[in-house]
Amino acid sequence: MTQPSNGSHFAPPAELGKAVLRDVTLRDGLQLTGKLLSTDQKLETVRELLRLGVPAIELGSMARPDLVPTMANTLEVVQALTPEELEKCWIWVATPGHVAKAAAAGARNFQYCLSASDSHNKANIGRTTDESLAALPQAVEYAQAVNGQIQLCIATSFTCPFEGRVPEERVLSIANDPRAEGTTDIVLCDTLGQAIPAQVSGLVTRVREESPARRIVYHGHDTWGLGVANTLAAIQAGAAMVDGALGGLGGCPFAPGASGNTSSEDILFATRPGWLTTETFGDLVVLSEKLLAELGEPNRSKAAQGARSKAAAFEWVLPADSAAAPCTTGGN
């Protein structure tokens with residue numbers, strides 16, 4: 001795509017631009033959609049995201065296909081990707097068996113998810129949080145056997161749809177549990193999008209200080225309109241990776257009240273990582289529009305909507321004749 005700009009990079013404050021974006025469109029983004037994407041469509045999306053420079057992708061999950069049908073072809077996607085492509089791809093897992101199956105298909109980056117609240121863990125995974133923690137050492141062993149890396153992902157780190165506010169101490173006890181030894185990262189999830197920046201900053205800071213050997217990842221939703229603000233707060237507090245989905249797509253099918261993820265386009269527009277140019281941003285907007293149109297989903301990204309505005313003197317606005325998909329816009 002050609003844009004009326006010099007293609008130069010735009011340097012944000014260092015603490016923002018250095019954070020790695022992981023696009024979770026093909027996992028968390030697809031969980032609530034009514035339409036399935038074929039293996040070829042998912043592969044095309046993965047490869048286009050990588051071509052544009054997106055540094056990390058969550059390409060699917062090992063969730064039961066009868067419960068989350070959109071994840072049914074995850075292993076087919078893994079098997080079709082090259083080892084080089086898989087180095088930048090993550091897969092959601094919840095049991096040691098998940099890790100073993102994904103590893104056999106070629107996956108090497110695993111996100112082992114459990115919830116801070118027992119109620120959500122039972123709804124999401126079918127066991128208590130402690131039962132999930134008890135199985136974690138075996139999952140770590142399977143990941144390490146293939147020279148892979150495994151994250152400890154703590155869902156409902158701020159609030160639970162069944163229990164309400166989750167105490168920080170609960171999250172810290174899970175992060176520092178000896179059974180989590182060997183995990184490379186700690187993912188803190190605002191599953192419901194109910195946190196505010198001060199809460200995010202406070203929890204990220206505490207976990208980072210108490211677990212300095214592991215990278216902090218922040219996964220946020222935009223239910224209450226604070227997705228970008230919370231993501232920026234997480235980065236400034238020390239998060240080195242943040243999650244987003246194209247067009248703000250997604251939500252958890254086992255968390256009543258959860259809506260779309262924080263938009264990848266909005267996060268990138270706010271943080272301006274070194275690989276992002278106005279041309280790259282424009283191509284991401286077009287990719288997002290086409291994907292959302294295929295799924296029949298609204299585009300919740302404010303940055304993507306801004307890119308289609310008539311303020312043509314602003315270098316981030318797309319040319320009027322650039323390709324656009326017939327995608328609707330709307331709120332959460």
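The model is predicted, so to speak of local features a pLDDT of at least 70 is needed, side-chain atom pairs count only at pLDDT 80 or more, and totals for chains, interfaces and linings use all residues. Residues are numbered from 1 along each chain as its sequence is written, and side-chain values use heavy atoms, with hydrogens and water left out.

## The barrel

Let us start with the strands. Eight of them form a closed barrel in the order β1-β2-β3-β4-β5-β8-β9-β10, with parallel pairing. Here strands (E, at least two residues) and helices (H or I, at least four residues) are DSSP runs numbered from the N terminus, and two strands pair if DSSP finds at least two bridges between them. From one strand to the next, the twist averages 25°. Angles run from 0 to 180 degrees between N-to-C directions, with axes fitted to C-alpha atoms, for helices over the stretch in contact.

On one flank, β2 is joined to β3 by four bridges in parallel, and I57 stands opposite C89. β3 also pairs with β4 (residues 109–115) in the parallel sense, over three bridges; there, F110 in β4 is the bridge partner of I91.

Y218 has V242 of β10 as its bridge partner. Helix α10 (residues 227–236) packs on the sheet here, touching β8 (185–190), β9 and β10, and its direction makes about 175° with that of β9. Contact means heavy atoms within 4.5 Å. Helix α2 lies across β1 (20–23), β2 (56–61) and β3 (89–93), running at about 165° to β2.

## Cavities and a pocket

Rolling a probe the size of a water molecule over the atoms shows where empty space is left. On a 1 Å grid over the protein atoms alone, a cavity is a set of points where a 1.4 Å probe fits but cannot get out, while a pocket is an open set with protein on both sides within 12 Å along at least five of seven lines; lining residues have an atom within 4 Å of a point. Grid points are joined across faces, edges and corners, and a volume is the space filled by probe spheres set on the points. The count comes to two cavities of 30 Å³ or more.

| Space | Volume |
|---|---|
| Largest cavity | about 50 Å³ |
| Second largest cavity | about 30 Å³ |
| Second largest pocket | about 330 Å³ |

The lining of the largest cavity includes V20, L21, V242 and W275. α11 gives the most to this lining, with three residues. By class, the lining has eleven nonpolar, one polar and no charged residues; Ala, Val, Leu, Ile, Met, Phe, Trp, Tyr, Cys and Pro count as nonpolar, Asp, Glu, Lys and Arg as charged, and the others, Gly among them, as polar.

The second largest cavity brings us back to β3, which gives the most to its lining, with three residues. C89, W90 and I91 are among the residues that line this cavity.

Twelve residues line the second largest pocket, and E44, V286, L287, K290 and L291 lie nearest its centre. The elements giving two or more residues to that lining are α2 (39–52) and α12 (278–295). Five residues of the pocket lining are nonpolar, two polar and five charged.
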